[in-house]
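Take a look at the chain below, and then we'll walk through them.

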Amino acid sequence: MFFLSVFVLTIALTTATDVQQCPGSSVENLKENVQLSPCSRLPCRLKRGSKQFITITFTPESDLPDLKNQVTALLLGIPFPFVGVDGVSVCDKLENEKGEKVSCPLKAGTKYVYKDSFPVHNFYPTVDAKVHWALSNEDKNVICFEVPIKIK
């Protein structure tokens, strides 16, 4: 029974998150390629003083020398950067399909997995918002999604 419980818990923690396409973007199989944990249902509930985990699988269409996070929370129509996450390079948090550590530059047509965690700071307000998350090089998004959140 214990093993069944662990298996069910593992499946629950690794399921895809019901994220939405960014405006003007169309990423194939987007929902299957983004996992936020913990986030069992929308809006994702982020507890201040905790950590949020993210896994994004993507395949760039062109070679990329670098890749950075662009992460904002939309509050009252105004985008606010996620402190400590927005503008940060992801190159040291990448793996290939086999789970081996890799880094930039990235090769076109190669599948990569970005794994990270970030703090939900205590100074964040208790609020409902929409998070816009993109992995980008310069002004070109490699993958982009939006997800509603509730910071509590």
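## Ground rules

Buried means a relative accessible area under 20%, exposed means over 50%, and partly exposed is in between, worked out with a 1.4 Å probe on protein chains only. Helices (H or I, at least four residues) and strands (E, at least two) are DSSP runs, numbered from the N terminus.

This is a predicted model, where local features need pLDDT of at least 70, side-chain atom pairs count only at pLDDT 80 or more, and totals for chains, interfaces and linings use all residues. Residues are numbered from 1 along each chain as its sequence is written, and side-chain values use heavy atoms, with hydrogens and water left out.

## Positive phi without glycine

Let's start with Asn29, which sits in the loop between strand S1 (20-21) and S2. Asn29 isn't a glycine, yet its phi is positive, at about 55°. Its relative accessibility is 47%, so Asn29 counts as partly exposed.

Now hop along to Leu76, in the loop between strand S5 (68-75) and strand S6 (78-81). Here's another residue other than glycine with a positive phi, this one near 55°. Is Leu76 buried or exposed? Leu76 is exposed, because its relative accessible area is 89%.

Which peptide bond comes with omega near 0°? That's the cis bond running from Ser37 to Pro38. You'll find Pro38 in the loop that links strand S2 (34-37) and strand S3 (44-46).

Further on, the bond from Cys104 to Pro105 is cis too, with omega near 5°. Pro105 belongs to the loop between strand S8 (101-102) and strand S9 (112-120).
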